[in-house]
Amino acid sequence: ANKHGSEGGPAQEGVEATLQALLQLSSQQPKVCDAVAADKKGLDTLVCLLKSSYADLREAASGVVWNLMWCTPQHVATLVESDVIDAVIGLLRSPNIGDAEAAMAAGALSRVAGG
């Protein structure tokens, strides 16, 4: 199971584990979404992850953004201001984006348009 990006080492794996946990929590707990959206550092981190060279991290970060959009529409403005949405758009424009990432990113963006 040598997926591309596995050479990232423990730091990347740690980030991925944290992201996956956040992804799960943010899909179940609106309070988690509120906390993430209120955390400027956390949003900056999401922006960095959306620009990551690791597909797994980009996909998970897109998923977190999607959850933030869905459980708390009032956070859309915050996400736009903190460049999270720009990062998602950048991701969608990326020539080497994977299908899963594209689906997550597009889903998050459709929420902006619809919200």
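Which exposed residues does the face of α6 turned away from its buried side carry? The tour below reaches them at its third stop.

This is a predicted model, in which local features need pLDDT of at least 70 and side-chain atom pairs count only at pLDDT 80 or more, while totals for chains, interfaces and linings use all residues. Residues are numbered from 1 along each chain as its sequence is written, and side-chain values use heavy atoms, with hydrogens and water left out.

**The whole chain**

Begin with the complete chain, which has seven helices and zero strands. Helices (H or I, at least four residues) and strands (E, at least two) are DSSP runs, numbered from the N terminus. Of the 115 residues, 40% count as buried; buried means under 20% relative accessible area, exposed over 50%, and partly exposed in between (1.4 Å probe, protein chains only).

**Helices α4 and α6**

Next, select residues 55–71, helix α4, together with residues 84–93, helix α6. Their axes come within 11 Å and cross at roughly 130 degrees. Axes are lines fitted to C-alpha atoms, for helices over the stretch in contact, and angles run from 0 to 180 degrees between N-to-C directions. The two helices are therefore oblique to each other; angles under 35 degrees count as roughly parallel, over 145 as roughly antiparallel, 65 to 115 as roughly perpendicular and the rest as oblique.

Now display the side chains where the helices meet. On α4 these are Arg58, Ser62, Val65 and Met69, and on α6 they are Val84, Ile85, Val88 and Leu91, with contact meaning heavy atoms within 4.5 Å.

**The two sides of α6**

Keep α6 selected and colour its buried residues: Val84, Ile85, Ala87, Val88 and Leu91. Seen down the helix axis, these fall within an arc of 160 degrees, so they line one face of α6; the arc is that of the directions from the helix axis to the C-beta atoms. An α-helix has 3.6 residues a turn, so residues three or four places apart point the same way. Turn to the face away from the buried side, and the opening question is answered: the exposed residues there are Asp86 and Arg93.

**Leu109 in α7**

Finally, select Leu109 in helix α7, residues 99–114. Leu109 is buried, with a relative accessible area of 19%. Leaving aside residues up to four places away in sequence, Leu109 touches Ile85, Val88, Ile89 and Leu92.
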